[in-house]
Amino acid sequence: MPPPLPNRAGFVVASLADARTLLTSAVVSWDGRDALPYVPGNSAGAELVARGVALRALWMWGSDRDRHARVRKLAASALAPRAVAGLLEASDALAKDLLAHVREQSATELVGDFVSPFIRRPFLAFLGVRGAQAVALEGYLAAMAPFVPSIDATPNNPAPYFALAAAGQMIDTLWEAPLPREADGARILIGAVNAGLLTRDEAISQAIMLMFGNETSVQALAGLIARLGERPDLWQAVASGTLGVEALVEEGIRLGPPTNMTLIRTTTAPVACAGTTLPTGTEIRMPLGELNRDPCAFADPDAFDPRRDEPGHIGFGWGPRLCVGAHLARTTLAIAIRALVTAYPACPPIRTIQGNLRTHEQGVVAIHVESGR
């Protein structure tokens with residue numbers, strides 16, 4: 001019998017330690033009850049929305065426990081270090097090419113000219129999408145933004161489901177044709193379908209979910225570059241090798257973006273938390289931006305300090321549903337920062353940053369840089 005509908009008044013987690021405990025609990029899960037509750041009408045548009053609802057129900061982060069374990073194993077294999085070796089090699093080469101072009105300009109906007117193409121192009125090609133189809137798919141992914149939970153999320157909007165259905169139709173068609181050489185991720189998922197380990201819809205749905213999740217890496221890299229631009233001392237430390245890139249990446253992820261999102265879970269049985277017992281059906285909200293700034297876990301929590309040695313953040317989640325792309329995201333961000341400080345050994349003059357680094361409510365959308373030529 002399914003658990004009762006969540007109590008939308010809910011419980012907001014205020015402690016990093018409590019969040020970790022809840023995220024590892026067997027009775028706290030994402031039950032998908034915030035999905036579009038109905039599909040109005042009988043038009044072709046309504047059928048597409050219904051298709052989007054069905055595809056989202058298959059997403060790994062919203063699956064029942066049995067499906068989650070099965071699908072997660074296959075998605076993790078597609079993103080395992082060995083499987084993404086070619087993707088990372090392509091990303092490294094692309095970073096150098098993009099920055100060589102950027103360096104030829106007297107001024108540039110790094111998010112549009114470097115960050116977005118560096119993150120998106122290789123990963124979409126890894127899943128079988130290139131060229132004009134990649135441009136169209138990026139539009140669909142942008143329209144799916146309401147799927148990232150926030151305190152003000154409104155689940156009754158059909159537009160992201162329409163976009164999800166359109167993306168699914170595109171990928172299904174592309175996977176019928178010969179795949180590009182670099183589409184190793186698509187081959188792994190299609191191979192799982194052929195072996196009877198996934199249905200076709202499950203494979204397509206997970207591919208879209210991975211592409212959608214990859215968009216957070218754009219925000220993470222833009223935010224990290226913007227923070228480095230405010231700290232020429234750290235930029236120089238990375239360039240000289242006295243500060244490890246990995247530590248810089250971890251601190252950037254902790255502070256965000258994209259940790260403006262809120263994880264939403266529901267109790268399927270009573271669970272103890274923060275000195276009280278949350279009854280079955282309680283909606284639990286975990287605002288990552290605040291939890292990763294818990295003063296009980298981090299000294300001077302708002303400071304950008306890559307040399308801190310406190311316990312890890314939960315920017316990738318925690319427990320059995322930890323982001324399967326965490327390794328890829330960390331490695332990709334490190335590649336980008338290494339390429340950037342190689343291209344600009346001294347911190348370049350950043351004229352304006354559009355976005356907000358002082359809060360975790362919005363990300364960086366533009367970074368204007370003078371090349372120094």
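I take buried to mean under 20% relative accessible area, exposed over 50%, and partly exposed in between, with a 1.4 Å probe and protein chains only. The model is predicted, so I note that local features need pLDDT of at least 70 and side-chain atom pairs count only at pLDDT 80 or more, while totals for chains, interfaces and linings use all residues. Residues are numbered from 1 along each chain as its sequence is written, and side-chain values use heavy atoms, leaving out hydrogens and water.

**Entry 1: Asn292.** I looked up Asn292 and found 0% relative accessibility, so the residue counts as buried. Asn292 sits in the loop between helix H12 (288-291) and helix H13 (326-343). Helices (H or I, at least four residues) and strands (E, at least two) are DSSP runs, numbered from the N terminus. For contacts I use heavy atoms within 4.5 Å. Not counting residues up to four places away in sequence, Asn292 touches Leu16, Arg254, Thr259, Phe298, His313, Ile314 and Gly315.

**Entry 2: the whole chain.** I counted 13 helices and 9 strands in the protein chain. Of its 373 residues, 50% are buried. Taking contacts between residues at least 6 apart in sequence, I find that 74% join residues at least 24 apart.

**Entry 3: strand E7.** I checked residues 282-287, strand E7: 6 of the 6 are buried, so the strand is largely enclosed by the rest of the structure. In a regular strand the side chains alternate between the two faces of the sheet. Here Thr282, Ile284 and Met286 point one way, and Glu283, Arg285 and Pro287 the other. Strand E4 (residues 262-267) runs antiparallel to E7, joined to it by 5 bridges; two strands pair if DSSP finds at least two bridges between them. Thr262 has Pro287 of E7 as its bridge partner.

**Entry 4: nonpolar cores.** A nonpolar core is a set of buried Ala, Val, Leu, Ile, Met, Phe, Trp, Tyr and Cys residues joined through side-chain atoms within 4.5 Å. The largest has 92 residues, of which Phe114, Met211, Leu221 and Ile337 touch the most other members. Helix H9 (residues 200-229) gives this core its largest share, 16 residues. I also noted a second, separate core of 18 residues, with Val13, Leu23, Met261 and Leu278 among them.
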